[in-house]
Amino acid sequence: GRGMIRKRGIPREEVLAMGVPEEERDAVVTALRVRRMEAQMAESGRCMTCWFPPADCVCSQMTPIEFSRKNVEFIVYMHSLELYNVGDDAKILLSAAPSRTSLFVFGREGDDEKL
């Protein structure tokens, strides 16, 4: 609607009050969305690896992947709308190969620089 920017749940007034130039608004809205999602996830009590509620956590059922090579690494670059979506497949890698999987999120502060 008129009060929200692109139906992302971020009040238009919040972004406009920040004085963000129009060409930068999408990036600001995405960063705000990611921060809010991270805060909601931390407060929800859901598993931070598989993103399911505790009663449905699948982490203990994931068989760790064994690698014969030491230089195997998974880098996942995820759209911000997929973050903490229980249907997203990235959590499988995070559960099965946590020490070899890095998750980067479009719009999360610092992630683009790390890539």
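Colleague: Let's start with Glu38: how exposed is it, and what do you call that?

Modeller: Glu38 has 23% relative accessibility, so it counts as partly exposed. Buried would mean under 20%, and exposed over 50%. Keep in mind that this is a predicted model.

Colleague: Which residue forms a salt bridge with Glu38?

Modeller: The general idea comes first. Side chains of opposite charge can pair when their charged atoms come close. Here, Glu38 pairs with Arg108, and their closest N and O atoms are 3.3 Å apart. That pair links distant parts of the chain, since Glu38 sits in helix α2 and Arg108 in the loop between β2 and α4, 70 residues apart.

Colleague: And what does Asp111 form with Arg108?

Modeller: Another salt bridge, with the closest N and O atoms 2.8 Å apart. Both Asp111 and Arg108 are buried. Through shared partners, the salt bridges join Glu38, Arg108 and Asp111 into one network.

Colleague: How many salt bridges does the structure hold?

Modeller: Three. At 45% relative accessibility Arg35 is partly exposed, whereas Glu109 is exposed at 69%.

Colleague: Which charged residue is buried yet has no salt bridge?

Modeller: That's Asp88: the nearest side chain of opposite charge belongs to Lys91, 6.4 Å away. Asp88 lies in the loop between β1 and α3. Setting aside neighbours within four places in sequence, Asp88 contacts Trp51, Met78 and Glu82.

Colleague: Now the inside. Which residues make up the largest nonpolar core?

Modeller: As a rule, in soluble globular proteins nonpolar side chains tend to be buried together. In this model the largest nonpolar core has 12 residues, including Val34, Met41, Trp51, Tyr84 and Leu103. Two or more residues come from each of α2, β1, α3 and β2, and α2 gives the most, with three. Another core lies apart from it, with five residues, among them Val15, Val28, Val29 and Leu32.

Colleague: What does Met41 touch, not counting residues up to four places away?

Modeller: Arg46, Cys47, Met48, Trp51 and Tyr84.

Colleague: I keep hearing about phi. What is the phi of Trp51?

Modeller: Most residues other than glycine have a negative phi, and most peptide bonds are trans. Trp51 has a positive one, near 75 degrees. You'll find Trp51 in the loop between α2 and β1, buried at 1% relative accessible area. Tyr84 also has a positive phi, about 65 degrees, without being a glycine. It lies in the loop between β1 and α3 and is buried at 18%.

Colleague: Which residues form a nonpolar patch on the surface?

Modeller: Ile75, Tyr77, Phe106 and Leu115, together showing about 410 Å² of accessible area. Phe106 sits in the loop between β2 and α4 and is partly exposed at 36%.

Colleague: Zooming out, what pattern does the protein follow along the sequence?

Modeller: It reads α-α-β-α-β-α, from four helices and two strands. Of its 115 residues, 30% are buried. Among contacts with a separation of 6 or more, 57% are between residues 24 or more positions apart.

Methods: Residues numbered from 1 in each chain as written. Predicted model: local features only at pLDDT ≥ 70, side-chain atom pairs only at ≥ 80, totals over all residues. Heavy atoms only, no water. Patch = residues over 30% accessible without salt bridge, like charges linked within 9 Å, V, L, I, M, F, W, Y side chains within 5 Å. Areas by Shrake-Rupley, 256 points an atom, 1.4 Å probe, with all protein chains shown as cover. Salt bridge = Lys/Arg side-chain N within 4 Å of Asp/Glu carboxyl O. Buried < 20%, exposed > 50% of the residue type's maximum accessible area, 1.4 Å probe, protein only. Contact = heavy atoms within 4.5 Å. Core = buried A, V, L, I, M, F, W, Y, C linked by side-chain atoms within 4.5 Å. Lys, Arg positive; Asp, Glu negative; His and termini not counted.
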